[in-house]
Amino acid sequence: MLEAGSSGTINGRTSLFCGDRRADGKEKIKDEEYSDDTAEVDYQVKAKHVYQEAAVYFSLLTELKHMSRFQSAGSLTPWAQSSTEIYVEYYFKWKQRCRDGNTEDRGSKETLWDNKLNHRPYERTRGLARIQIESRYIYLQRNVNTGGVDKQLSIPTIIDGY
């Protein structure tokens with residue numbers, strides 16, 4: 001590194017580490033429950049967006065899961081996967097540590113019949129210095145009598161460093 005022209009620091013080490021801030025691992029969750037009494041089924045919807053940090057793995061994620069449980073099963077019975085229509089509009093903005101410039105990812109995705117929809121625009125071994133995550137979901141709230149109603153679910157925004 002010295003032959004390549006890298007200058008040492010005051011204590012003799014080369015500049016291997018930058019002083020850029022580290023974004024905090026944060027998670028915002030929003031969940032709802034609803035029932036279809038005619039079909040005798042309870043439903044649970046869980047949406048989240050998160051900055052995940054694990055040693056040398058870093059990612060940004062937004063996700064919605066739709067689950068169901070028969071009302072006669074009782075509260076100790078686990079929720080099961082339950083398909084529905086899901087649509088998401090998302091906006092991500094981030095800056096990698098020790099790198100210049102911001103990256104943005106804005107768009108939408110949909111699934112016509114699945115129990116989960118997610119989007120992961122960043123998944124690397126370099127941590128982030130700044131993050132912003134916004135997402136708004138629309139899912140089909142299932143009902144035997146009406147066929148279902150579109151329901152909107154917005155998750156609180158994550159902003160760290162901007």
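Cysteine 98 counts as partly exposed because its relative accessibility is 32%; partly exposed denotes the range between buried, under 20% relative accessible area, and exposed, over 50%, with a 1.4 Å probe and protein chains only. The model is predicted, so local features need pLDDT of at least 70 and side-chain atom pairs count only at pLDDT 80 or more, whereas totals for chains, interfaces and linings use all residues. Residues are numbered from 1 along each chain as its sequence is written, and side-chain values use heavy atoms, with hydrogens and water left out.

The structure holds 1 disulfide, a term for a pair of cysteine sulfur atoms within 2.5 Å. This bond joins cysteine 98 to cysteine 18, with an S to S distance of 1.7 Å. The link is left-handed, with -65° about the S-S bond. Because cysteine 18 lies in the segment before strand S1 (27–36) and cysteine 98 in the loop between S5 and S6, the pair ties together parts that are 80 residues apart in sequence. Cysteine 18 is likewise partly exposed, at 30% relative accessibility.

Strands here are DSSP runs of E with at least two residues, numbered from the N terminus, and two of them pair if DSSP finds at least two bridges between them. An open sheet is formed by 4 strands in the order S6-S5-S8-S9, with antiparallel pairing. Strand S6 (103–114) and strand S9 (149–160) are the edge strands, each pairing on one side only. Within the sheet, S5 (residues 84–96) pairs with S6 in the antiparallel sense over 10 bridges. Tryptophan 94 stands opposite threonine 103 in S6.
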